[in-house]
Amino acid sequence: MKFLIIGDIVGRPGRHVLRDYLPSIIRDNDIEFVIANGENASGGNGLTYKNSQELLSYGIDILTMGNHVWDKREIFDYIDEEDRLVRPSNYPSPCPGKGYTIIDKKGINIAIMNLSGRVFLPPLDCPFGTFEKDYMQIKEKADIIILDFHAEATAEKVAMGWFTDGRASLVFGTHTHVQTADEKILTQGTGYITDIGMTGPSNSVLGVDKDIIIKKFMTQRPIRFELAEGPVQINAIIAEIDETNGKCTSIKRYYQLCTL
Ligand SMILES: [Fe+2]
Ligand SMILES: [Fe+2]
């Protein structure tokens, strides 16, 4: 089965570039399942109900989240009702929402898991231990297991790749908004990349207006963020997974620069 996995969608530019270009990417690459990280899709932080439905209508099958999951408060009201949305599983148990889901597509059961790292991020439950716990519940039910590991530190992400090697079909990193060039298939058959990057304004600092961020670094004062304008990039990976054994057979980076 062939997957397209899209890096953190940033604001309206990120949503609109997918509205305009996602159908042709799916068609031209024979994509059968689409996953996207939506933690920044509404104004750069969080995800409103309206924007989640908009993105799912463009051909995205599952939205994953990250440390910005709760930034739009309305998500508390709809996250339990939306089966196509997962948030990091290692948030404390009173949190609403779910850390993984299993979707039947063409008779193949696909588990999508979401975990957050703990290095330079809020001190959540151990992502490694949480993977272990969730995997025990998923492994007999899923033909394919895919993990979005939303984390900052490269070492934590690489370690998670090796920790899940041979158990997950594919582990991809999100959160840094910068795509890494280390995609590979690990020794036990797990496809891996440290970060798949960002889908949003290209001439920016991680999606935000570059002059605002430069000023913030130079003054060390809090400044209100605004998203950048101009050309918009799509960062993603295309991965093939053999559903008969859950192993990854191919993983490639995807980059496209678009004007809206
Ligand atoms: Fe992000
Ligand atoms: Fe993040």
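These questions and answers concern a predicted model.

Me: Which residue coordinates both the iron ion (ligand 2) and the iron ion (ligand 1)?
Reply: The donors to the iron ion (ligand 2) are E39, N67, H150 and H175, at 2.1 to 2.2 Å. The iron ion (ligand 1) is 3.5 Å from the iron ion (ligand 2). The residue that coordinates both is E39.

Me: What is the arrangement of the 4 donor atoms around the iron ion (ligand 2)?
Reply: Four donors count as tetrahedral if all angles lie between 85 and 135 degrees. Around the iron ion (ligand 2) the angles run from 87 to 144 degrees, so the arrangement is irregular.

Me: How many residues apart in sequence are the parts that E39 and H175 tie together?
Reply: E39 is in the loop between β3 and α2, and H175 is in the loop between β9 and β10. Both E39 and H175 are buried. The parts that the pair ties together are apart in sequence by 136 residues.

Me: How many disulfides does the structure hold?
Reply: A disulfide needs two cysteine sulfur atoms within 2.5 Å. For C95, the closest cysteine sulfur is in C126, 17 Å away, which is too far for a bond. The number of disulfides in the structure is 0.

Me: Which strands are the edge strands of the open sheet of 6 strands?
Reply: The sheet has mixed pairing and the order β6-β7-β8-β9-β11-β10. An edge strand here pairs on one side only, and these strands are β6 and β10.

Me: Which helix packs on the sheet by touching β6, β7 and β8?
Reply: Strands β7 and β8 run parallel, joined by 7 bridges. The direction of the helix makes about 160 degrees with that of β7. The helix, residues 127–138, is α4.

Technical notes. Residues numbered from 1 in each chain as written. Chains lettered and ligands numbered in written order. Predicted model: local features only at pLDDT ≥ 70, side-chain atom pairs only at ≥ 80, totals over all residues. Heavy atoms only, no water. Donors = N, O, S within 2.8 Å, 3.2 Å for Na, K, Ca; no water. Tetrahedral: all angles 85-135°; square planar, octahedral: opposite > 155°, others 65-115°. Helix = DSSP H or I, 4+ residues; strand = E, 2+ residues; numbered from the N terminus. Buried < 20%, exposed > 50% of the residue type's maximum accessible area, 1.4 Å probe, protein only. Pairing = 2+ DSSP bridges. Contact = heavy atoms within 4.5 Å. Axes fitted to C-alpha atoms, helices over the stretch in contact; angles between N-to-C directions.
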